[in-house]
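The entries follow in the order I made them.

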Amino acid sequence: MLNIVLFGPPGAGKGTQSERLIDKYNLVHLSTGDIFRYNIKNGTELGNMAKSFIDKGELVPDEVTISMLQSEVEKNEGAKGFIFDGFPRTTDQAEALDMFLSSRNTAVTAMLALEVPEEELVTRLLERGKTSGRKDDADETVIRNRIKVYENETAILQNYFEQQNKYHGIDGVGDIDEITNRLCSVIDSL
Ligand code: AMP
């Protein structure tokens, strides 16, 4: 199986690039943010619980996020592999993913990290907020909080995957096609 963790701060382009990679490599795209938003839209219990965290730009608690992710993987028996987009975001989530995949006789193949400077992220997210309908993209304070949460809780995962020799940093600035090509050349070398 090819299991890619597509990593990077909010606004780095994970969703856009995931859409391209799933077609090329025939993978299942699992975006925890998208799954939460789907649940919010449909007024599920999970959605109602997650909404208060998401609207503030805070992380949804690990326990909830991990079990949600696991059940999404289980729904896709027979998948050739996955792109994990927006997961893991904490060390506990990374450890849970490793344990869960290993119980299924597979593993994370690589973490591909899109690197984009903070001011560019803010500009991109404010621009996206004009059309995305996402409350957390519309307010600069929430955007900056999401980036801060990323730096405080999520960026540390670079070390986690470096220790496993699975970390690949990729320049996330430039033309969308060019960035896709950078990602593909890393994937093709795995
Ligand atoms: P995203 O679409 O990846 O930008 O995620 C939007 C929001 O969903 C985040 O700001 C968090 O509130 C929540 N979220 C998404 N993925 C996770 C995760 N792995 N752990 C905790 N919260 C998450």
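**Terms first.** I count Ala, Val, Leu, Ile, Met, Phe, Trp, Tyr, Cys and Pro as nonpolar, Asp, Glu, Lys and Arg as charged, and the others, Gly among them, as polar. My model is a predicted one, where local features need pLDDT of at least 70, side-chain atom pairs count only at pLDDT 80 or more, and totals for chains, interfaces and linings use all residues. Residues are numbered from 1 along each chain as its sequence is written, and side-chain values use heavy atoms, with hydrogens and water left out.

**Entry 1, the cavity.** Rolling a probe the size of a water molecule over the atoms shows where empty space is left. On a 1 Å grid over the protein atoms alone, a cavity is a set of points where a 1.4 Å probe fits but cannot get out; a pocket is an open set with protein on both sides within 12 Å along at least five of seven lines; lining residues have an atom within 4 Å of a point. Points are joined across faces, edges and corners, and a volume is the space filled by probe spheres set on them.

I searched the whole structure and got one cavity of 30 Å³ or more. The largest cavity holds about 80 Å³ of space. Its lining has 13 residues, and G8, K14, G86, R89 and T154 lie nearest the centre. By class I noted eight nonpolar, three polar and two charged residues. Helices (H or I, at least four residues) and strands (E, at least two) are DSSP runs, numbered from the N terminus. Strand β1 (2-7) gives the largest share of the cavity lining, three residues.

Next I looked up the largest pocket, with a volume of about 800 Å³. It is lined by 40 residues, and K14, R89, R128, R134 and R146 are the closest to its centre. Its lining splits into 12 nonpolar, 16 polar and 12 charged residues.

I wrote down its lining: R37, I40, K51, I54, D55, G133, R134, K135 and D136. Two or more of these residues come from each of α2, α3 (45-56) and α7 (135-138).

Which numbers do I need for two packed helices? I need the angle between their axes and the distance between the axes. Axes are lines fitted to C-alpha atoms, for helices over the stretch in contact, and angles run from 0 to 180 degrees between N-to-C directions.

For α2 and α4 (residues 62-74) I read an angle of about 95°, with the axes 11 Å apart. That makes α2 roughly perpendicular to α4 (angles under 35 degrees count as roughly parallel, over 145 as roughly antiparallel, 65 to 115 as roughly perpendicular and the rest as oblique). Contact means heavy atoms within 4.5 Å. T32, I35 and F36 of α2 meet T65, M68, L69 and E72 of α4.

Helices α1 (residues 14-25) and α10 (residues 176-188) pack at about 50°, with their axes 10 Å apart. That makes α1 oblique to α10. On the α1 side, the contact includes T16, Q17 and R20, and on the α10 side it includes I176, D177 and I179.
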